[in-house]
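Hi everyone, thanks for coming. Have a look at the model on the screen, and I'll talk you through a few spots.

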Amino acid sequence: MSPATPLPGLVVFGEALTDFVRTGPDSWRSVAGGACWNVARVAAVLGLPTGWGGAVSEDLFGQEIIDKSRAAGLDERFLQVVARPPLLAMVHQLDPPRYFFLGSDSADLAFDEARLPQGWEAACTFAHFGCISLVRQPLGARLVQLAQRLHAAGVPVSFDPNCRILMGADYPPLFERMAGLASVLKISDEDLRHIYPALDAERALARVRALAPQAVLLYTRGSEGMTAFAGDRCIGQPAFRVEVADTVGAGDACVGGFLASRLLRPHADLADHVRFAAATAAAACTRPGAHAPTHDEVEKILAP
C-alpha cells in the first residue's frame, strides 16, 4: 500500500489467531480467525477503509492471516509481523463449544502501538476493541490505555466483550471500565450472563446502559434477533432467516456491519444501521467459518 494512500478512519485493535477445529478422533482443521480481526475484515470487505492493529507470527499461520487481510483490503500499514509463535485456539468440541488457547508468549502479545503509521490517530474516526486481547497481558493493559487516550481525544470507541474462557471472576471491572468509554457497545445474551451471573437480563441490561448512557447498545440474542438502545430509543430487529452453514463469527459480522453502515452512511437512521448489521450477521452464517460477506451478499438479504 502506498504511503500516499489516506489512512483509514476505522482502526480495530485486538487478536488474530488460528483455530484448530477437531474433525475426528485424530484429525484437525486449521482456520484463521480471531474476533477483532474478523470485525476488521468484515468492515473492509463492505468497503470501509479499515486498519487492523495487531501482530502475527512469521510462519504459515501468520502468512494465512496476512493473505486474508490483503484479500479483504485491510490497510497493511497497521499489521505487524514478529518472530514469535502463533496464538492458537484448540476447539476440541463444537456443540457445545469446548476449547482452550495456546500462546503464553505468542505473536499477538508483541503488538507495538508505537510502530503504527505516523498520523493514524488524527485520521482515526472510530476505534474498536474487544475479546481476549484485553485480558492477555501485557497487551491488554496497553490496549485499555490506548482506548482511554483515544476516548479523551474525542475519538469514538466501539467495544464488544465477546466473552471467552479467559474472562474470569475478575473480568466485570474491566468490562465496566471499557463500557464507560464506548460510543458503540455490542453485547450478547451469553456475554451478559457471563459478566453478571447473579442478575437477570433486564437488570443486567439496565446496569450496562447506566455505564454508557450515551452509547448505542446492541444487545444480540442469536436467532431471536437484537435490540438497539440509544437514549430513549429502543429498536427491535428480528434475525433474518437464512440457510445456516454455521454461526461462527456472526457477532463479529454484526459489529463490523454496524460500524461500516454508520461510517459509510452517516446520515442514515439508526434503525437502518441496525437492520444492515443484522443482515451482515445473517450473511456471515451462510458460509462456514468466520465469513466476511460482501456488500452484494448483504443487500440480497435486505431485499424484500
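Let's start on the surface, where Phe100, Leu102, Ile165 and Leu166 form a nonpolar patch with about 340 Å² of accessible area together. Those areas come from the Shrake-Rupley method with a 1.4 Å probe, and for residues, only the protein chains shown count as cover. As for what a patch is, its residues have over 30% relative accessible area and no salt bridge; like charges are joined within 9 Å, and nonpolar side chains (Val, Leu, Ile, Met, Phe, Trp, Tyr) within 5 Å.

A word on where this comes from: it is a predicted model, in which local features need pLDDT of at least 70 and side-chain atom pairs count only at pLDDT 80 or more, while totals for chains, interfaces and linings use all residues. Residues are numbered from 1 along each chain as its sequence is written, and side-chain values use heavy atoms, with hydrogens and water left out.

Back to Leu166, in the loop between β9 (157–160) and α5 (171–179). Helices (H or I, at least four residues) and strands (E, at least two) are DSSP runs, numbered from the N terminus. Is Leu166 buried or partly exposed? It counts as partly exposed, because its relative accessibility is 37%; buried means under 20% relative accessible area, exposed over 50%, and partly exposed in between (1.4 Å probe, protein chains only).

Leu166 is also one of the contacts of Ile132, where contact means heavy atoms within 4.5 Å. Ile132 sits in the loop between β8 (126–130) and α4 (139–152), and this residue is buried, at a relative accessible area of 1%. Beyond its neighbours within four places in sequence, its contacts include Glu15, Leu17, Phe101 and Met167.

Now for charges. Side chains of opposite charge can pair when their charged atoms come close. How many salt bridges does a search of the whole structure find? Twelve, taking a salt bridge as a side-chain nitrogen of Lys or Arg within 4 Å of a carboxyl oxygen of Asp or Glu.

One of them joins Glu121 and Arg149, at 2.6 Å from N to O. That pair links distant parts of the chain, with Glu121 in helix α3 and Arg149 in helix α4, 28 residues apart. Glu121 is partly exposed at 30%, and Arg149 is partly exposed at 40%.
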